[in-house]
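Happy to look at this one with you. Let's go through the labels and ask what stands behind each of them.

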Amino acid sequence: PAAQWRLTMTEPLERQRIDKWLWAARFFKTRSLAAAAVEGGKVQINGQRAKPAREVRVGDRIAISAAA
């Protein structure tokens, strides 16, 4: 079974990469772990697979899957 979180960005940010945001929000211990999860298809933005450099915006829906 896998754990899954669904989040919605609500606070405005200057441009922020998804890998940096996941690390800053403390979903991952390091930015490289966050980037690896994104590259591995564990992160979706608005229902689509994301790349580590994808910028998040207010209103984006972020889904994170992690093996439990």
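Predicted model: local features only at pLDDT ≥ 70, side-chain atom pairs only at ≥ 80, totals over all residues.

Q: Why is V56 called buried?
A: Buried means under 20% relative accessible area. V56 has 5% relative accessibility, so V56 counts as buried.

Q: Where is V56 placed, and what separates the C-alpha atoms of V56 and W21?
A: V56 lies in strand β5, which covers residues 55–56.

Q: What order do the elements of the protein chain follow?
A: The chain has 2 helices and 6 strands. Read from the N terminus, they run β-β-α-α-β-β-β-β.

Q: What makes a set of residues a nonpolar core, and which members of the largest one touch the most others?
A: Its members are buried residues of the listed nonpolar kinds, joined through side-chain atoms within 4.5 Å. The largest such core here has 13 residues, and I18, L22, V43 and I62 touch the most other members. Two or more residues each come from α1 (18–24), α2 (31–39), β3 (43–45) and β6 (61–67).

Q: Which residues is L22 in contact with, leaving aside neighbours within four places in sequence?
A: Contact means heavy atoms within 4.5 Å. With those neighbours left aside, L22 is in contact with F27, F28, A34, V38, V43 and I64.

Note on methods:
Residues numbered from 1 in each chain as written. Heavy atoms only, no water. Buried < 20%, exposed > 50% of the residue type's maximum accessible area, 1.4 Å probe, protein only. Helix = DSSP H or I, 4+ residues; strand = E, 2+ residues; numbered from the N terminus.
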